[in-house]
Amino acid sequence: MIKKIVIKNVASFDNEGVTLDDLKKVNFIYGGNACGKTTISRVLSCKDIQHSFPQCNVEWEGDPLQVVTYNH
């Protein structure tokens, strides 16, 4: 399960960024156009976050699981 997501310096997120914590087994991320929903899903589904999104981090509880996103 994902414990925390940190998104900074990518797409619509500035250097202050956003931290999503206190996550549950099921979480809904919704909002208006260009607010960062797709960016969050791209970071989550990235296999090499440190290389592709160096200012972002996904903290797992236990071993990381395969992330499947649907953006269409």
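## A tour by selection

At 65% relative accessibility, Ala 11 counts as exposed, because the cut-off for that class is over 50%. The model on screen is a predicted one.

**Stop 1: Ala 11.** With Ala 11 still selected, look at where the residue sits: the loop between strand 1 and strand 2. Then read off the backbone torsion. Phi of Ala 11 is near 50°, a positive value in a residue that is not glycine. Most residues other than glycine have a negative phi.

Stop 2: Select Asp 22 next. Which loop holds Asp 22? Asp 22 belongs to the loop between strand 2 and helix 1. Here too phi is positive in a residue other than glycine, with a value near 55°. Asp 22 has a relative accessible area of 60%, so it is classed as exposed. Asp 22 and Lys 24 form a salt bridge, and their closest N and O atoms are 3.2 Å apart. Lys 24, at 46% relative accessibility, is partly exposed.

Stop 3: How many salt bridges does the count come to? The count is 2. One of them was the subject of the previous stop, Asp 22 with Lys 24. For another, select Lys 3 and Glu 59, whose side chains meet in a salt bridge at 3.6 Å, N to O. Lys 3 is in strand 1 and Glu 59 is in strand 3, so this pair ties together parts that lie 56 residues apart in sequence. Lys 3 has a relative accessible area of 38% and is partly exposed. Glu 59 is also partly exposed, with a relative accessible area of 30%.

**Stop 4: Val 26, Phe 28 and Tyr 30.** Switch to a surface view and select these three residues. Val 26, Phe 28 and Tyr 30 make a nonpolar surface patch of about 460 Å². Of this patch, take Val 26 for a closer look. Is Val 26 buried or exposed? At 59% relative accessibility, Val 26 counts as exposed. Val 26 is in the loop between strand 2 and helix 1, and Asp 22 is in the loop between strand 2 and helix 1 as well.

**Stop 5: Ala 34.** Select Ala 34, in the loop between strand 2 (18-20) and helix 1 (37-45). The relative accessible area of Ala 34 is 71%, which means that it is exposed. Ala 34 and Cys 46 are 12 residues apart along the chain, and their C-alpha atoms are separated by 20 Å.

**Stop 6: the largest pocket.** Select Asn 27, Ile 29, Leu 44, Val 68 and Thr 69 and centre the view on them. The largest pocket has a volume of about 660 Å³. Of the 23 residues lining the largest pocket, Asn 27, Ile 29, Leu 44, Val 68 and Thr 69 are the closest to its centre. Which element provides the largest share of the lining of the largest pocket? Helix 1 does, with 5 residues. By type, the lining of the largest pocket divides into 14 nonpolar, 6 polar and 3 charged residues.

**Stop 7: the second largest pocket.** The residues that line the second largest pocket divide into 8 nonpolar, 2 polar and 2 charged.

**Stop 8: Phe 53.** Finish with Phe 53, which has its place in the loop between helix 2 (49-52) and strand 3. Is Phe 53 buried or exposed? Phe 53 is buried, because its relative accessible area is 16% and buried means under 20%. Phe 53 and Thr 69 are 16 residues apart in sequence and 17 Å apart in space.

Notes: Residues numbered from 1 in each chain as written. Predicted model: local features only at pLDDT ≥ 70, side-chain atom pairs only at ≥ 80, totals over all residues. Heavy atoms only, no water. Helix = DSSP H or I, 4+ residues; strand = E, 2+ residues; numbered from the N terminus. Buried < 20%, exposed > 50% of the residue type's maximum accessible area, 1.4 Å probe, protein only. Patch = residues over 30% accessible without salt bridge, like charges linked within 9 Å, V, L, I, M, F, W, Y side chains within 5 Å. Areas by Shrake-Rupley, 256 points an atom, 1.4 Å probe, with all protein chains shown as cover. Salt bridge = Lys/Arg side-chain N within 4 Å of Asp/Glu carboxyl O. 1 Å grid on protein atoms, 1.4 Å probe; cavity = no way out; pocket = protein on both sides within 12 Å on 5 of 7 lines; lining within 4 Å. Points joined across faces, edges and corners; volume = space filled by probe spheres on them. Nonpolar A, V, L, I, M, F, W, Y, C, P; charged D, E, K, R; others polar.
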